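Here are a few notes to read alongside the structure, with the meeting of the two chains as the topic. Take the points in order and keep the view open as you go.

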There are 2 protein chains.
Amino acid sequence: MVEKATTSQGPYEIPHFSRPSVNTRVLLKNRPLAVPQPSDFAIDEAPVPVPGAGQLLIRNIYLSVDPAQRGWAQAEANYSDPVPLDGPMRGLAVGVVITSRHADYAEGEYLYGWFDWQDYAVVDPSKVILRAREALPLAQFAGLLGINGLTAYLALTGLGRPEAGDTLVVSTAAGAVGSLVGQIGKLMGCTTVGLTGDDEKVALCTERYGFDAAYNYKTADLERAVAQSAPSGVNVYFDNTGGGILDTVLRQMAVGGRIVQCGTAANAQWNPPPTGPRNEREILTRRLVWSGFVIFDHAAKYEAAASQLAAWYREGKLVTETDISDGVEHAPGAIAALYAGANRGKKLIYIG
Amino acid sequence: MVEKATTSQGPYEIPHFSRPSVNTRVLLKNRPLAVPQPSDFAIDEAPVPVPGAGQLLIRNIYLSVDPAQRGWAQAEANYSDPVPLDGPMRGLAVGVVITSRHADYAEGEYLYGWFDWQDYAVVDPSKVILRAREALPLAQFAGLLGINGLTAYLALTGLGRPEAGDTLVVSTAAGAVGSLVGQIGKLMGCTTVGLTGDDEKVALCTERYGFDAAYNYKTADLERAVAQSAPSGVNVYFDNTGGGILDTVLRQMAVGGRIVQCGTAANAQWNPPPTGPRNEREILTRRLVWSGFVIFDHAAKYEAAASQLAAWYREGKLVTETDISDGVEHAPGAIAALYAGANRGKKLIYIG
């Protein structure tokens, strides 16, 4: 198993992989209408691709499983083009440079980026999100320093703008993004309230992630619970679900509150859009600011965010949970499992 | 008729009023569930009140009719307390100081503020919004420099943040706020698109207020019209209606677009809230910023805004329409007429 307790700036060494001439890939075979199911994928084997001038050949080690992959697989216009059918599923990964034909990248260097769900990727440097240079376990570059951690930090600080004394409510609070949002909010002086979908996760929220209160939205009287935990109203709502949970929290926002829309996991399907109570009157009378966040708009801030997150982690101020399945055969069902809430923390597939 | 072509800093002269010892008032008698109707009000006569130390006695000249009065009259919690039953309807007015028991205010000085729907008001200086000092027709202090003009300027520039080249869509575009939003947007270099409710107003939008395009939302194919006028998407939507118009425009916002929620006139009643298509997925994928604006949060910026608006007006860069009814008997039906779209520009009741 390829694992490094810490990464560094070198000297680099390329690890050995079994079957180095086979590129095992997870192909998207059907365009799902809702959450992608195992039957929407097929695993195949192809030759290892060859990088051209200026390109890198990367061997992936951790495939990242992300809720946003649902949208990437669907056909509707979204913030990115749909994944081509019969091609490898679009995805993030941590990998090592096997062959570099670009002067800025060394062979043996670990990178995090758009390397897709396959063993080997040939990419331009534009597909690299972050170099794995901070002293951290390798899996953390797809977790704490991956889009989950970067999203938690940049969306909360940039759009949520929490101030000391604010009450911060977070949905999917035990998840990879939500658990970090709660901890970062706490570091910034907020009272933190986590909403999650089962009692085990409720316990995780308060015991492991330090939320001041947490509720199971499936069994709690959510309106009453939020009112009790946020008697002066909710100043920041970090929402990963949308749907009925959003409707309830939105109606308990304080004047001037900020809603960060970071995900919409509550509805699997948006065409046609489901209906719900109209919100414009609430936005007006409570003077809310409701903003959408997509991490890829914020690339210029990745390095600074990663550096802050890594520092907090090393100081013991952030804890993370990583849920790693071993073997590519776990990939086809992984997105559906994520939407079913089966993971505990950041979901990765190890293929080293 | 008391009218002044311009106002000034003095010397002041108190005009003469007929029946100076009678305070005619428009009382709120029933709490409306929706738009206040004439039957919700009664006109009575009371003695002229006497100011205490630090207070002002003001004789109103123009009563302002504002869409927000609907919310003030209703019982539900809102951004201000409900108007007490059997008291004068809460409202803005332009009036003249008859008696001043406060060193900062001179008798004969014209003021705009919270003087309610009555001839005479005794107020603390906290009820004054603006002194009528700019060289403008007196009615303009309840229009261009009243909350309509201040709202247009402060909400558009502060929350809409238009940039040259942006496409700005405005609902109730021929109204007191919308017509100014369109003109200010044009001064800032935007392509402006007005939405309004009849063909006569459509013509006003393009011919008088300089919108690049305008549509009757009751008869046009709104989706198609907006797509045609905003081929690269809508960068700023200044919304005074909510409802179906909002749903349509929201789905044509450009990535990073701003929605300013300034009114919700499309629905007369919000308890329970009407339903509509869910919008959180649009907010997320288009990275929108949807903000609510209530003018009274922005008092610190009134004077600077009023000065800019007055300068533009005197330079001939802004045109305004004022729709004045003569006599207090027009007040009880005025809010309902506003919601029925019967006014042309800023609605005032002259009681001088």
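1. A term to start with: a polar contact is a pair of N or O atoms within 3.5 Å; within protein, one must be able to donate a hydrogen and the other to accept it, and residues adjacent in sequence count only if both atoms are side-chain atoms. Across the interface of chain A and chain B, 16 residue pairs are in polar contact, both at pLDDT 80 or more.

2. Please keep in mind that this is a predicted model: local features need pLDDT of at least 70, side-chain atom pairs count only at pLDDT 80 or more, and totals for chains, interfaces and linings use all residues. Residues are numbered from 1 along each chain as its sequence is written, chains are lettered from A and ligands numbered from 1 in the order in which they are written, and side-chain values use heavy atoms, with hydrogens and water left out.

3. How many residues of each chain are in contact? With contact meaning heavy atoms within 4.5 Å, 36 residues of chain A touch 36 residues of chain B. The chain A side divides into 14 nonpolar, 14 polar (Gly counted here) and eight charged residues.

4. Between chain A and chain B there are four salt bridges, each a side-chain nitrogen of Lys or Arg within 4 Å of a carboxyl oxygen of Asp or Glu. One joins Arg287(A) to Asp297(B), at 2.7 Å from N to O.
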